[in-house]
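This report is for a reader who has not seen the structure before. The sequence and the model are shown first, and the notes come after.

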Amino acid sequence: MATPQGNQPLPSKESALFRQVVKFYESKQYKKAIKAADQILKKFPDHGETLAMKGLTLNYMDKKEEAYDLVRKGLRADLRSHVCWHVYGLLYRSDNNHLEAIKCYMNALRIDRDNAQILRDLAMLQIQMRDIPGFVDTRYRLLQLRSNNRNNWISFAIAHHLDGNYELAVQILTAYESTLDEIPPSEAYEHSELLAYKALVLAEGQQQQAALDLLDHQQVRGRARFISTTTHGGWGGQRLIERGRRGSTSNIAGPAASEGWGVRVSGIC
C-alpha cells in the first residue's frame, strides 16, 4: 500500500486515532498520546500534523530537542496545515518566545482565518507583548465570529479601553447590555462586576458624573451589588460613590485601578 504524502487526509481509522492524540494531549495523558501518534506514523510516517502533535507532546515530557525536530519535520511535510503552524507557535510559546509564536499563529490564520482557538491564543500573546492595536483587531474578529459570546463583547471593550478609546469601550459595553434580558440571580454578581467596570471606564474617560450616576442608579434599583475591589488600587463601586458624594470626583479612577482590572479580566481575554 502506498504511503500518502504528509498533507493528504488520513483514512477514517487513522483520523479517529488523530483525534485521540489531541484528546490525550489536552488531558495531559502524554504517554497515551504518543502511543496513538505512533500507531498513525507506523502507516503514514510523513503525516505532518501527526508529527507536529507528537513533537508538541514530547515537549511536555522534557524532550525539547526532539520536540522541535518533529514539529519542524511535520511543518516541512505540510506547510499548508494550520494545525502544524499552530503547534509550532505553541512550542515557541512554551519557551516564552512570544514573537516567534505570534508569527506562527499569523501563518496559521492565513490558512484558517476564522479559527477561534488560534485567534484566542494570538490575542493572549498580543496583550502580553503590549501590541494593543493588534489585540483590538483580533478581539474584533472574535466578536464577529461569535457575537453571542459574553466574553467576546467584554474583551473587545477591554481592548478599546487599553487603547485609550474610552467612549467606544463604553458604547460596546452598552451594546452588550442591550442584548440581555432580565439578569437571573445566578448571574447578578458577574453583572455587577461588569457595571463596576463600565463605571471605571467612564471615570477614566473624564465622565466621572456619569460613572457616579450609573453606580447610584444600579444600587437604588437593587439590580447589582458593588462589593468587589480590584487587585491593585482597592477601587470599588461603593468607594467611587462615597468619593463623589464628598465632592471629590477627580482621580476617582486611574492607572492603578486600570491595572487591577487588567489583572481581573485577563482570564477572559
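The text below covers cysteines, then an asparagine in a loop, then an arginine in a helix.

The model is predicted. It contains zero disulfides.

| Residue | Relative accessible area | Class |
|---|---|---|
| Cysteine 84 | 0% | buried |
| Cysteine 104 | 3% | buried |
| Asparagine 115 | 17% | buried |
| Arginine 150 | 26% | partly exposed |

Asparagine 115 sits in the loop that runs between α6 (98–111) and α7 (116–128). Its relative accessible area is 17%, which is under 20%, so asparagine 115 counts as buried. The side chain of asparagine 115 has a polar contact of 3.1 Å with the side chain of aspartate 112. A polar atom of that asparagine 115 side chain also lies 3.0 Å from the backbone nitrogen of isoleucine 118. When residues up to four places away in sequence are not counted, asparagine 115 touches His82 and Leu109.

Arginine 150 belongs to helix α9, which spans residues 150–162. Because its relative accessibility of 26% falls between 20% and 50%, arginine 150 is classed as partly exposed. Which residues does arginine 150 contact, leaving aside its neighbours within four places in sequence? They are Tyr176, Glu190 and Leu194. Glutamate 177 is 27 residues from arginine 150 along the chain, and the C-alpha atoms of the two are separated by 9.8 Å.

Notes: Residues are numbered from 1 along each chain as its sequence is written. This is a predicted model: local features need pLDDT of at least 70, side-chain atom pairs count only at pLDDT 80 or more; totals for chains, interfaces and linings use all residues. Side-chain values use heavy atoms; hydrogens and water are left out. A disulfide is a pair of cysteine sulfur atoms within 2.5 Å. Buried means under 20% relative accessible area, exposed over 50%, partly exposed in between (1.4 Å probe, protein chains only). Helices (H or I, at least four residues) and strands (E, at least two) are DSSP runs, numbered from the N terminus. Contact means heavy atoms within 4.5 Å. A polar contact is a pair of N or O atoms within 3.5 Å; within protein, one must be able to donate a hydrogen and the other to accept it, and residues adjacent in sequence count only if both atoms are side-chain atoms.
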